[in-house]
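Trainee: Could you walk me through this structure and show me how to read its features?
Mentor: Gladly; have a look at it first.

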Amino acid sequence: MTSAEKRELINFATDMRMCIIESVYSARSGHPGGSLSSADILAYLYKKELHIFPHEPRNPSRDRFVLSKGHAAPALYSALALCGFFPKGDLLKLRQMNSYLQGHPNINTVPGVDISTGSLGQGISCAVGVALGGKLSKSGFRTYALVGDGELQEGQVWEAMMSAAHYKLNNLCVIIDNNRFQIDGNISDIMNPDPITDKAAAFGLNVIEADGHDFDSLEAAFNAARRETSCPTCIVAHTIKGKGVSFMENTASWHGKAPNEEQYNAAIAELSSLRNGGSDE
Amino acid sequence: MNKIATRESYGNALRELGTEFENIIVLDADLSGATKTDIFKKAFPERHLNFGIAEANMISAAAGLSSVGFVPFASSFAMFLAGRGFEQIRNSIGYPKMNVKLAATHAGISVGEDGASHQCCEDIALMRSIPGMTVICPSDDIEAKAAVRAAYLHKGPIYLRFCRMPSPVINDCPDYSFQLGKGIKLTSGADITIVATGIMVPYSLEAAKELSALGISATVINIHTIKPLDEELILASAAETGKILTVEEHSIIGGLGEAVASLLGEKLPTKLRRIGVQDCFGCSGPAEKLLEKYGLCTKNIVYQALNILNE
């Protein structure tokens, strides 16, 4: 990856983070912590990895993305808007009455959303179905599912992994946003899912660890996933909850609340400095 | 009279449709011998997917398969499909309006010897409560096969309810036709209307015969589609007879009886009795004996009809 490409990704992710803060602030509710932790993963997916058609969102040959951790909707909506699936200004209608941008992703209202999610554990199973459908119809598209690390506490996630391995879904790539926090606290205090990599490997997935905020590391992981021919891949992406807004980082309390005006201004100022720093290059 | 279990009809219908339509795909959760999806599997092994004993994953995966153009029939016992899988059905299939067919066998008390843990008398209530869900409970082999075909042709989520116990074939007449959401008036009478669904329909026809011997003429309506309910047919008959008796192999809470009660309560208050499982769990025993024990039999239908008439 050239430094220009990397700079472009950093700027895209920073713009995503600003959109996340703006939309959650405008909605006066939502989930900034896990949206910010997954912003770089989504930036990489939507800018580099996914074969998508923003002006033809239902094109059958498109790669599919399932946000199994559906509460990170502000991150997904930001990525979709910045890619041109719908106007960026609509992000301010997040969670409002009569808005197509529902609190959690809806396949029928949002261009670019491939599966409705929100109830944890179900999205990864839906992604298994999508990938199976791809195999059965001999379509070449790939399927990606982003799963939260707290979400791993849902038994259905492991049913999904078992079946993905059983059906040898090498066209499926599961990414775990390993930010270590869930709404009630640290995941290891609430219900410890560790060791995540060993468990996913034991369920038959090709496990790759990555730094979820480093684009070189993400690129290497996604490229390795593409090379896997015999089984699904699980990228365990180590991330920081609230990444990019210092006072939101590594705190469970920012899992599901909106910033007040002062916090909003501080967050935007911090993110703007990152964006401006980039444009100097 | 020829008897066949509607689960058998389900398996046979799948095999027929599988030849016609390449996008039919059948999912099972380790019960393909019992749900009869193995009949489809023998003909189309590559289109039969076993998910093992993991219904939640199977149901959500069905939603994923439908998103790429397949028409999945996800199958298990009613208890584990509608019961265990309620929230997956609600959120993965119902809310996004996915084109998935949920086929539940072993519904009701007539499961028999397996006992209460496997006798699902709550599935109609659960499925009716999901917006946009069509709920079908066919009365015999012919109707069950027609329902599977109609379910395939309908775009949107459908819950199909089949039984384990062989039951009489009653719809083998040349003018039989299945229309989603349309009840079928099987007999016309002036004194009372019996509104029945599923395998209770043949018992209701028997009861009508016995009532006729006592000089009472009963209308029998077969409601194969519980949601959307054929309101017009039920209201018209209620206006004619002024007395309604509902009969279902399901809890009296949330099923056909309650759907009819709500309709009549709001639009045409009518004298009403409901036959069904009376807010209790079942138990082990032979299916026919259990149906008798819980009042799901000809004798009780006649008895309750006379009760309403004598009030």
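**Reading the model**

Mentor: A:Y46 is buried, with a relative accessible area of 6%. Here buried means under 20% relative accessible area, exposed means over 50%, and partly exposed is in between (1.4 Å probe, protein chains only). This is a predicted model, where local features need pLDDT of at least 70 and side-chain atom pairs count only at pLDDT 80 or more, while totals for chains, interfaces and linings use all residues. Residues are numbered from 1 along each chain as its sequence is written, chains are lettered from A and ligands numbered from 1 in the order in which they are written, and side-chain values use heavy atoms, with hydrogens and water left out.

Trainee: Where does A:Y46 lie, and which residues is A:Y46 in contact with, leaving aside its neighbours within four places in sequence?

Mentor: A:Y46 lies in helix 3 of chain A. Helices (H or I, at least four residues) and strands (E, at least two) are DSSP runs, numbered from the N terminus. Contact means heavy atoms within 4.5 Å. Beyond four places in sequence, the partners of A:Y46 include A:I52, A:F65, A:L76, A:L80 and A:G112. For A:L80, the separation from A:Y46 is 34 residues in sequence and 7.9 Å in space, C-alpha to C-alpha.

Trainee: How do I read the packing of two helices?

Mentor: Two packed helices are described by the angle between their axes and the distance between the axes. Axes are lines fitted to C-alpha atoms, for helices over the stretch in contact, and angles run from 0 to 180 degrees between N-to-C directions. In chain A, helix 1 (residues 3-27) packs against helix 3 at an angle of about 125°, with the axes 9 Å apart. Helix 1 and helix 3 of chain A are therefore oblique to each other. The cut-offs are under 35 degrees for roughly parallel, over 145 for roughly antiparallel, 65 to 115 for roughly perpendicular, and oblique for the rest.

Trainee: Is the crossing of helix 1 and helix 3 of chain A left-handed or right-handed?

Mentor: Helix 1 of chain A passes helix 3 of chain A in a right-handed crossing. A crossing is left-handed if the near helix is turned anticlockwise from the far one by less than a right angle, and right-handed if clockwise. Residues of helix 1 that take part include A:L9, A:F12 and A:M16, and those of helix 3 include A:L42, A:A43 and A:Y44.

Trainee: What does a helix pair in chain B look like?

Mentor: Take helix 10 and helix 11 (residues 256-267) of chain B, whose axes come within 11 Å and cross at roughly 65°. This crossing is right-handed too. The contact is made by B:E231, B:I234, B:L235 and B:A238 of helix 10 and B:V260, B:L263, B:L264 and B:K267 of helix 11.

Trainee: How many aromatic pairs does a search of the whole structure find?

Mentor: Over all chains, the search finds 13 aromatic pairs. Rings of Phe, Tyr and Trp (its six-membered ring) pair if their centres lie within 6.5 Å; planes under 30 degrees apart count as stacked, over 60 as edge-to-face and the rest as tilted. The rings of A:Y44 and A:F222 have centres 5.4 Å apart and planes at 10°, so this pair is stacked. A:Y44 lies in helix 3 (residues 39-49) and A:F222 in helix 9 (residues 215-227) of chain A, so the pair ties together parts that are 178 residues apart in sequence. A:Y44 is buried at 3% relative accessible area, and A:F222 is buried at 0%.

Trainee: And how are the rings of A:F86 and A:Y100 arranged?

Mentor: With centres 5.6 Å apart and planes at 90°, the pair is edge-to-face. A:F86 is buried at 6% relative accessibility, whereas A:Y100 is partly exposed at 24%.
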